[in-house]
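Subject: Structure handover and findings

Hello,

Here is the structure for your files, with the findings set out below it. Please read the definitions along with the values.

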There are 2 protein chains.
Amino acid sequence: MKARAKKLVPYRNSLAGALLAAREAVMAPIRPMLAEAGVTEQQWRVLRVLNDLGPVELGMLANSALLFGPSVTRILKEMVQRGLVIRQPNPKDGRGAIVALSASGRALIEETASHTLQQLNHYTRSFGDRRLKKLISELQALIAAIK
Amino acid sequence: MKARAKKLVPYRNSLAGALLAAREAVMAPIRPMLAEAGVTEQQWRVLRVLNDLGPVELGMLANSALLFGPSVTRILKEMVQRGLVIRQPNPKDGRGAIVALSASGRALIEETASHTLQQLNHYTRSFGDRRLKKLISELQALIAAIK
DNA sequence: CTCATATATTTAACATGTTAACTTGTAAAG
DNA sequence: CTTTACAAGTTAACATGTTAAATATATGAG
């Protein structure tokens, strides 16, 4: 018998391992689409969150897009230059800033979403629409349970 | 009437967003434990996979630990120096190498797992043992479905 | 055997993740 | 007011992610 730590299951069967593997499997076909549109996965998250929330402060953006503050600073620097987002000082707070989608950022979302949603359709056909919705709600329930 | 393209849901309700958020929530309490043991999350994945599989080639290790080849090269360089793993040329293939756990690597796993498994217990108590197992198997089914 | 092609790993280059320290502005006692 | 504590972003430093190119060896066709 091979000496193996007693209760550890194989990594792919672990919670963290399954989550990471699933995320990788889901994103693998989507990343090329984002590359086609000229955005990284993180830039895409920023665009989506701005699309969800409208103009927001950087801290809120970072939390919502699951990014760190320094990453947001860096990522926004380029996105502002490319004209995808607009950044303005926060009139309510001299320390902070407000970021919002530009028209061209919005256009990029529209165009790219048409491709990624097609891929999502493929997932729902393979896995089941209801089943996929259930999986997502269970993930959210897990997050709520362990917080 | 033609089927209309579905709209983008809020990022946290998307499949990729829920997977990323769940992974982050699960790992947040575990990362400090790994830091305590002196390993990064990626080094921990390497140790776990070696524990699962025994001595393996680098390519297999990279795939199993969900790492890229260059990352494995870099990570192993330090782990070999620290004596956590042992690296030897592959007698069957002059290009490759074989990596295996050292005794101290195995000891680190044993000790750290006792902490991480305790945290996992907390998850199962909050979320339900059966429910958690079901979630993991659904994640694996999703991976299989979209491959 | 020799050439062409494929595979395993490394190196290099740059983007992002991650933590800590720093800067500036806000808020609240006193 | 002024002092002190806190909060928002940035900068800096280093590890890892990620792709492409380079190196070395293996394999198969002729």
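A residue is taken as near a molecule or strand if its C-beta atom, placed from the backbone, lies within 6 Å of it. This is a predicted model, in which local features need pLDDT of at least 70, side-chain atom pairs count only at pLDDT 80 or more, and totals for chains, interfaces and linings use all residues. Residues are numbered from 1 along each chain as its sequence is written, while chains are lettered from A and ligands numbered from 1 in the order in which they are written.

DNA strands

DNA strand C is surrounded by 23 residues, of which A:Ser71, A:Gly94, B:Gly59, B:Thr73 and B:Gly96 are the closest. Two or more residues each are given to this surface by helix 3 (41–53) and helix 5 (69–81) of chain A, and by helix 4 (58–64) and helix 5 (69–81) of chain B. Helices (H or I, at least four residues) and strands (E, at least two) are DSSP runs, numbered from the N terminus. Helix 5 of chain A has the largest share of the surface near DNA strand C, with four residues. By class, that surface has seven nonpolar, nine polar and seven charged residues. Here Ala, Val, Leu, Ile, Met, Phe, Trp, Tyr, Cys and Pro count as nonpolar, Asp, Glu, Lys and Arg as charged, and the others, Gly among them, as polar.

Around DNA strand D there are 24 residues, the closest being A:Gly59, A:Thr73, A:Gly96, B:Ser71 and B:Gly94. Helix 4 (58–64) and helix 5 of chain A and helix 3 and helix 5 of chain B each give two or more residues to the surface near DNA strand D. The largest share, four residues, belongs to helix 5 of chain B.

Chain A and chain B

Chain B touches chain A through 46 residues on each chain, where contact means C-beta atoms, placed from the backbone, within 7 Å. On the chain B side, helix 1 (15–27), helix 3 (41–53), helix 6 (103–127) and helix 7 (129–145) give two or more residues each. Helix 1 of chain B gives the most, 12 residues. The chain B side divides into 30 nonpolar, six polar and 10 charged residues.

The same surface serves both copies, since 89% of the contact residues of chain B recur in chain A.

Helix packing in chain B

Helix 3 of chain B and helix 5 of chain B pack at about 85 degrees, with axes 11 Å apart. Helix 3 of chain B is therefore roughly perpendicular to helix 5 of chain B. Angles under 35 degrees count as roughly parallel, over 145 as roughly antiparallel, 65 to 115 as roughly perpendicular and the rest as oblique. Axes are lines fitted to C-alpha atoms, for helices over the stretch in contact, and angles run from 0 to 180 degrees between N-to-C directions. B:Gln42, B:Gln43 and B:Val46 of helix 3 meet B:Ser71, B:Ile75 and B:Met79 of helix 5.

Regards

Notes: Two residues are in contact if their C-beta atoms, placed from the backbone, lie within 7 Å.
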